[in-house]
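Thanks for coming. Please have the sequence and the 3D view open, and I will go through a few places in turn.

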Amino acid sequence: MKIAILGYGTIGSGVFEVFGTNVDNIKKRAGEEITVKRVLDLREFPGDPVEARLTHDFRDIADDPEIECVVETMGGNEPAYTFLKELLLKGKSVCTSNKELVANHGTELLEIARQKKINFLFEASVGGAIPIIRPLMESFSGDEIIDICGIINGTTNYILTKMDRDGADYADVLAEAQAKGFAERNPEADVEGHDAARKIAILASLACGAEVDFRDVYTEGITKLTALDFEYARRMGRVIKLIASMRKIDGKVFSTVRPMLIPAETPLYTVNDVFNGILVNGRFSKSIMFYGSGAGKLPTASAVAADVIEVAKNRGRNIPIVWSNKKQPIEDRMEQKNDFFIRVKHSDKHKAKEVFSGVHIDELKPENGEFAFIARNMAEKDYEEAAKKVDIINKIRLLNVAQR
Ligand code: HSE
């Protein structure tokens, strides 16, 4: 099978390397040799092994009938969306690592692939090297996924791990992560939680079999966390992680992304640095943990290569992916109940006790002239009302393992 790659960046060059070096193994598993015929990129790569196959013209790929499958690793919505739609309509299967594209256009592109009896696969769009899309699609097909709870953004996990270990503040760790290349120069999509929101929307769409719009996922980032929050967390025997979740309760679906205090009893507690960890709860299978490299050149490329091999093994057949164009409603978070860790100024202690009086309060030791406590089992809307009446320094929700 002849394939092409759109984009020779980190992941695209990784895919090129995997197909150039893992030849025999791939041939055995795919049942035939898979060759990269063309690579599209606007840049030149003098002296690079890609040189002979490099093109700057998309038509060299779209109009080549020999190319049956195209890997997209450009990232972003455009021109990726326009390119992929044309390729699928022309009957070429597509494998992508582009979570933004899958979250925005997955429903439509999957439908075209179905009609054309080809495949649109996206294993590498969530969790990098971790097999998570195919397990949700196939391995849980005899079950019902009722809960997904995960650390699915490596950049923020690296920052949070450093803040925890070094007692450092957010801005300092971000600057260091940027200098080392672990965080983008424009880190907004990662640190504000948007990347995780897109990824959980993809997983939730697979779990629900209907389109979950990432814009319906209530999202909070990590930018307001301070070194002191981590100190309190340590005292509680917890760590702070950016948690993306999807939960079905009595037929209703809830989905959020936000920093949470994680207790040691969950395996998510030990997911550190750039690693990802995803806890999936099936109605019958119960708790299953996926863990591994959530990003990076070769780890992510290995997931893309596996998709390409699936395409080779399924010529003329659309692999069923239950993700319809029906929109899955996401419930308003305001009705959800949570335990909140809350910090106020010490002078606001009595006011805070009055305002949060309807809920259980565990006082923590006063720190730096503050009053910190945990308000238990409080509806989000009640928290928001109470928070208007007192000056909150910061609040972080607690992950309740017993509920998961
Ligand atoms: N920016 C993403 C992350 C890359 O940090 O997880 C992998 O999707």
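Which residue of β3 does valine 39 stand opposite? It is leucine 54. Before going on, some ground rules: this is a predicted model, where local features need pLDDT of at least 70 and side-chain atom pairs count only at pLDDT 80 or more, while totals for chains, interfaces and linings use all residues. Residues are numbered from 1 along each chain as its sequence is written, and side-chain values use heavy atoms, with hydrogens and water left out.

Now the sheet. Helices (H or I, at least four residues) and strands (E, at least two) are DSSP runs, numbered from the N terminus. Two strands pair if DSSP finds at least two bridges between them. Leucine 6 has leucine 40 in β2 as its bridge partner. On to β3, residues 54-55: this strand and β2 are paired in the parallel sense over 2 bridges. Leucine 40 comes up again here, standing opposite threonine 55 in β3.

Taken as a whole, this is an open sheet of 6 strands with parallel pairing, in the order β3-β2-β1-β4-β5-β6. β3 and β6 are at the edges with a single partner strand each, so one side of each has no neighbour in the sheet.

Which helices go with it? Helix α12, residues 297-313, packs on the sheet and touches β1, β4, β5 and β6; the direction of α12 makes about 165° with that of β5, residues 93-96. Helix α1, residues 10-21, lies across β1, β2 and β4, and runs at about 155° to β1. Touching here is contact, heavy atoms within 4.5 Å. The angles are taken between N-to-C directions, from 0 to 180 degrees, with axes as lines fitted to C-alpha atoms, for helices over the stretch in contact.

Next, the ligand. The residues around it are Lys99, Asn153, Gly154, Thr155, Asp190, Asp195, Lys199, Gly294 and Ala295, where a residue counts if one of its heavy atoms lies within 4 Å. For polar contacts, we want a pair of N or O atoms within 3.5 Å; within protein, one must be able to donate a hydrogen and the other to accept it, and residues adjacent in sequence count only if both atoms are side-chain atoms. From the side chain of threonine 155, an N or O atom is 2.6 Å from a ligand oxygen. Glycine 154 uses a backbone N or O atom, 2.8 Å from an oxygen atom of the ligand. For asparagine 153, the distance from a side-chain N or O atom to a ligand oxygen is 3.5 Å. On its own the ligand has 260 Å² of accessible area, and the protein covers 81% of it. Those areas come from the Shrake-Rupley method with a 1.4 Å probe; for residues, only the protein chains shown count as cover.

Last, some backbone details. Where is the cis peptide bond that I want to show you? It joins glutamate 78 and proline 79, with omega at about 5°. Proline 79 sits in the loop between β4 (67-72) and α4 (80-89).

Lysine 117 is not a glycine, yet its phi is positive, about 55°. This lysine 117 is in the loop between α5 (99-116) and β6 (120-121). Is lysine 117 buried or exposed? Lysine 117 is exposed, at 53% relative accessibility; buried is under 20% relative accessible area, exposed over 50%, and partly exposed in between, with a 1.4 Å probe and protein chains only.
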